[in-house]
Amino acid sequence: MASASFLSLLVLVAMASAVSAQLSSTFYDTSCPNALSTIKSAVTAAVSSEARMGASLVRLHFHDCFVDGCDGSVLLADTGSFVGEQGAIPNNASIRGMDVIDNIKTQVEAVCSQTVSCADILAVAARDSVVALGGPSWTVLLGRRDSTTASKSNAESNLPAPTFSLQNLTDNFSNKGLSLTDMIALSGAHTIGQSQCRFFRARIYNDTNIDAAFATSLQANCPQTTGSGDSSLAPLDTMTPNAFDNAYYTNLQSQKGLLHSDQELFNGGSADSTVSSFASSASTFSSAFATAMVNMGNIAPKTGTQGEIRLTCSKVNS
């Protein structure tokens, strides 16, 4: 029995490591040794020009991975009869940074033709964006290939909504193989970036677990009437909106989460203790965030002969 259980354990361990075995941090060391430095310099320049872009690039990677895996499908634009994911409700008039990724791809193609995938560029750009805004670094595993398809319906059903409860969030991330700690840590990406009024209107007018002065301050640029000021922006982290730090969690402790789904992480439930831990220790958060980003980047990548290496990130190869 003991040997049978040990064998079962070995099989489980092998299955768990299968994805990371397919991806490798040294994937482009020989085929495109300047890939990572090319991506880094382009991301640093883009974030230096507009700090918000760092958050936008992290979000692109997230919205890519949660819809049929980290395969660059979010970058495919609607053309003719091809319907991509950019028009899906969570993405429409909301995701941005595709032009920056296109620019990076052009620069990478100039040093190594049709070698580095758009999916990998997204993964590296997310890491470099976090670093550019003062956050932690981590080793990005590489070797993803690009999809030749996209799914608007899967984008609408798989991406978490700002109205989600803690249970909704926990289930949504669990469906992608991510733990409660991963979910809470990844939510900490809301320490940077901005959100549109249409995504937090209900919270600032209807929720009771919100700091009154905070709600009032947001109502000035986000009228209660739907259709009025829908795209007005507010920082997700009101304390240090352009610094990647752990202030997001201290904001939650003060009932100053911008989205309903943010405040759900600190509302008397199973996530409270982890939020408190991240709020009191920046290093604990940084470590958990780095681990969670690697885990997210491992969601169902296409490898080997699956998919393709796109020449242009916004369209499949002809």
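Q: Tyr248: buried or exposed?
A: Tyr248 counts as buried because its relative accessibility is 2%. Buried means under 20% relative accessible area, exposed means over 50%, and partly exposed is in between, with a 1.4 Å probe and protein chains only. This is a predicted model, in which local features need pLDDT of at least 70 and side-chain atom pairs count only at pLDDT 80 or more, while totals for chains, interfaces and linings use all residues. Residues are numbered from 1 along each chain as its sequence is written, and side-chain values use heavy atoms, with hydrogens and water left out.

Q: Where is Tyr248, and which residues is it in contact with?
A: Tyr248 is found in helix α11. Helices (H or I, at least four residues) and strands (E, at least two) are DSSP runs, numbered from the N terminus. Leaving aside neighbours within four places in sequence, Tyr248 is in contact with Ser187, Gly188, His190, Thr191, Asp237, Asp262 and Leu265. Contact means heavy atoms within 4.5 Å.

Q: How many aromatic pairs does a search of the whole structure find?
A: The search finds 12 aromatic pairs. The rings of Phe244 and Phe289 have centres 4.9 Å apart and planes at 55°, so this pair is tilted. Rings of Phe, Tyr and Trp (its six-membered ring) pair if their centres lie within 6.5 Å; planes under 30 degrees apart count as stacked, over 60 as edge-to-face and the rest as tilted.

Q: Which parts of the chain does the pair of Phe244 and Phe289 link?
A: The pair links distant parts, 45 residues apart: Phe244 is in the loop between β2 (233-235) and α11 (247-253), and Phe289 is in helix α14 (residues 282-297). Both Phe244 and Phe289 are buried.

Q: What about the rings of Tyr248 and Tyr249?
A: Their centres are 5.0 Å apart and their planes stand at 85°, so the pair is edge-to-face. Tyr249 is buried, as is Tyr248.

Q: Which residues do ring pairs link into a cluster?
A: The cluster consists of Trp138, Phe244, Tyr248, Tyr249, Phe278, Phe285 and Phe289.

Q: Turning to Ile184, where is it, and what does it touch?
A: Ile184 is found in helix α8 (residues 180-187), and it counts as buried because its relative accessibility is 0%. Not counting residues up to four places away in sequence, Ile184 touches Tyr249, Leu265, Ala271, Thr274, Val275 and Phe278.

Q: How many residues of α8 are buried?
A: In α8, 6 of its 8 residues are buried, and the helix is mostly covered. The buried residues are Asp182, Met183, Ile184, Ala185, Leu186 and Ser187. They pack against α7 (166-174), α11, α13 (272-280) and α14.

Q: Another topic: what is the phi of Ala93?
A: Ala93 has a positive phi of about 55°, although it is not a glycine. Most residues other than glycine have a negative phi. Ala93 is found in the loop between α3 (52-65) and α4 (98-111), and it counts as exposed because its relative accessibility is 62%.

Q: And what is the phi of Gln255?
A: The phi of Gln255 is positive, near 60°, and this residue is also not a glycine. Gln255 lies in the loop between α11 and α12 (260-263). At 33% relative accessibility, Gln255 counts as partly exposed.

Q: Gly69: buried or exposed?
A: Gly69 counts as buried, at 3% relative accessibility. Gly69 is found in the loop between α3 and α4 and touches Asp64, Ile299 and Ala300, not counting residues up to four places away in sequence.

Q: Now the whole protein: how many helices and strands?
A: The secondary structure comes to 14 helices and 2 strands.

Q: What is the radius of gyration, and what would a compact globule have?
A: The protein has 20 Å, which agrees with the value near 20 Å for a compact globule of 318 residues. The radius is taken over C-alpha atoms, and the globule rule is 2.2 Å times the number of residues to the power 0.38. Along its principal axes, the C-alpha trace spans about 60 × 55 × 35 Å.

Q: What share of the residues counts as buried?
A: Of the 318 residues, 47% count as buried. Among contacts between residues at least 6 apart in sequence, 76% join residues at least 24 apart.
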